[in-house]
Amino acid sequence: MKKSIFFLTTIAFIAVAAFMLSTSSCKKSETVVTPHPPANEFLTTVVMECINNNAPHDTETCIWRDLTPSGSNPPDTSLAFLNLARNTTYAVKLYALDETKTATPMLADTNHFDINKIASTTVDVQTELEQRVNYHLICFTLTQGTGVGLVNDLSIVRDDYDNNSPPLQVGFVDTFTTLNTAVSGGRMEVVQHHQPNVKNGSCEPGSIDYDVFFNVNVK
Amino acid sequence: MKNLSIFILLLALNMGANAQDAATPAKNSDNSTMSNGFIGLIGGYSISMGNWTHTSYITGDAGKWLSDNPDNLSAGFAGNGSTYGVEGGWYFCKYLGIGGVVSYSHYGFSGLDSISAGYDKSFDVDQITTTVSGGYDIWNFMGGLYFRYPFSDKFAITAKLLGGFTSATTPQIDVAVEDGGVEDGTFTQQRCTANSFGYMAGLGVSYKLSKCMGLNLQGIYASSEPDFLIDNTNRNNTIGRLITEYKQPLTSINICLGVTYLIKAK
């Protein structure tokens, strides 16, 4: 009996000690890698709409389109032209669309573009982007071009801000101002940066959602 | 699983002791055979309960984590764990005594997949890597009343009601963001320690192995509610889950086995 009790007690102590050791070994870190689920929306089309502040009927629209997100075909830049008047201020709005399921005749056009009247098969990706302003930034780069040069003739100001603290610019809504100088032309590169945890107001951090260009003339 | 095996081993051990005792004619219980005090080790499995076990990551439009959703704010992602400690007491009469416990509990993290997928949805990026380290750690320093009701000279039903100081620490959560082949940094919800009042209520059975050794099996309900003020580093926006304060009851049921050294007053 005494032997048995001694044996049981010894086993119990060993078990408790083993338990303590096992619990301390449970404190390792644990890691999970979550890949993004396959995208169900593509960003095929960027529309830039410029409304003359002094004459709202004077609206200039240009469209950059690539219906093959895989890059198998070159982008369609036939509508990527923007004609602006000298000494004029424009309220500018950018739209991003998914037209992968839209028939050619129903694609967005520069004539009388209206975001509320796009084809039912076209997805307005811009609405979603505007809900994610906290980690998006539009950056514009002008190339000098002809005449006095676009860099000297066009100023661009981002008008919209996100909800970060402090608020940072976004660039979906902008103001373009042309100067009262000679005729100029050039190229405008528009890049949407995706900056999920690195947005700091500058264009460098993050990845790129789209990188498109428009040929701009100031007359 | 390892913890469970050890728990079952101890349980079987205790049952074996009971069976052995059943074969021995019971003696009349009287005060002369009962110990006055005890000191021992306890350890067991701890089942977390309540809001801090919830794993909610509720998003709204465009994957935005809803910062005013009560489920989001109360979710603590606590898993089950283990507990062990040192316990001692002194019975100043047949049924009633005073004593205390110093115990440590560790809880794993539950819902790591859920939180990682939530961040991925919120940030709309190619990959999120979420690492949790530390788990929840809780230290209890408690004292209070002990009760026992002996129904033989070897067996007694025991109960306790303790209160005291609790110090708890939350896990560290590191979230690395990658998109378009670009590393977008790692932000961290830092480990945080907070103190509060805590209490325990326990019910169990004790078995006297010999004149100076005993075993016990206990079920213990433990609760505390520390107010964690959590630091988040390298966090540049509030789109994904962001907890800066967490105050929810840290409640658990502990199933413990103990080995005690019995002290008899001379």
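**Note on the predicted two-chain model**

1. Among the contacts in chain A that link residues at least 6 apart in sequence, 66% join residues at least 24 apart. The model is predicted, and the points below should be read with that in view. The secondary structure of chain A comes to three helices and 11 strands, and from the N terminus on the elements run α-β-β-β-β-β-β-α-β-α-β-β-β-β. Of the 219 residues in chain A, 34% are buried.

2. The largest nonpolar core holds 38 residues, and the members that touch the most others are A:V46, A:M48, A:L97, A:F214 and A:V216. Several elements of chain A each supply at least two residues of this core, among them strand 2 (45–52), strand 5 (89–98), helix 2 (125–130) and strand 11 (207–218). The largest share, six residues, comes from strand 5 of chain A.

3. A:F214 deserves a separate look: with its neighbours within four places in sequence left aside, its contacts are A:M48, A:C62, A:W64, A:A80, A:F81, A:L82, A:M188 and A:V190. A second, separate core has 29 residues, including A:Y135 from chain A and B:Y119, B:I138 and B:I173 from chain B.

4. An open sheet of five strands, paired antiparallel, has the order 1(A)-4(B)-7(B)-8(B)-12(B). Strand 1 (30–35) of chain A and strand 12 (232–233) of chain B stand at the edges with a single partner strand each, so one side of each is left without a neighbour in the sheet. Within this sheet, strand 7 (residues 172–179) and strand 8 (residues 182–189) of chain B pair in the antiparallel sense over six bridges, and B:D174 stands opposite B:T188 of strand 8.

5. Helix 3 (residues 112–123) of chain B lies across strand 1 of chain A and across strand 4 (127–133) and strand 7 of chain B, running at about 145° to strand 4 of chain B. Its 12 residues, at 1.5 Å a residue, should span 16 Å, and the end C-alpha atoms are 17 Å apart, which agrees. The residue that follows this helix, B:D124, has a positive phi, near 55°.

6. Which residues of helix 3 of chain B are buried? They are B:L112, B:I115, B:S116, B:G118, B:Y119, B:D120, B:K121, B:S122 and B:F123, so that the helix is mostly covered, with nine of its 12 residues buried. What covers these buried residues includes strand 1 of chain A as well as strand 3 (96–109), strand 4 and strand 7 of chain B.

7. Eight strands of chain B close into a barrel in the order 1-2-3-5-6-9-10-14, with antiparallel pairing, and the twist from one strand to the next averages 25°. Strand 3 of chain B is joined by 12 bridges to strand 5 (residues 136–150) of chain B, the two running antiparallel; here B:S105 has B:I138 of strand 5 as its bridge partner.

8. Strand 10 (residues 213–224) of chain B is mostly covered, nine of its 12 residues being buried. With strand 9 (residues 193–208) of chain B, strand 10 pairs in the antiparallel sense over 11 bridges, and the two form a hairpin with four residues between them; the bridge partner of B:G198 in strand 10 is B:S224. Strand 10 of chain B also pairs in the antiparallel sense with strand 14 (residues 250–263) of chain B, over 12 bridges, and B:I220 stands opposite B:N254 in strand 14.

Notes
Residues are numbered from 1 along each chain as its sequence is written. Chains are lettered from A and ligands numbered from 1 in the order in which they are written. This is a predicted model: local features need pLDDT of at least 70, side-chain atom pairs count only at pLDDT 80 or more; totals for chains, interfaces and linings use all residues. A residue is buried if 20 or more other C-beta atoms lie within 10 Å of its own, exposed if 12 or fewer, and partly exposed in between; C-beta atoms are placed from the backbone. Two residues are in contact if their C-beta atoms, placed from the backbone, lie within 7 Å. A nonpolar core is a set of buried Ala, Val, Leu, Ile, Met, Phe, Trp, Tyr and Cys residues joined through C-beta atoms within 7 Å. Two strands pair if DSSP finds at least two bridges between them. Axes are lines fitted to C-alpha atoms, for helices over the stretch in contact, and angles run from 0 to 180 degrees between N-to-C directions. The expected span of a helix is 1.5 Å times one less than its number of residues.
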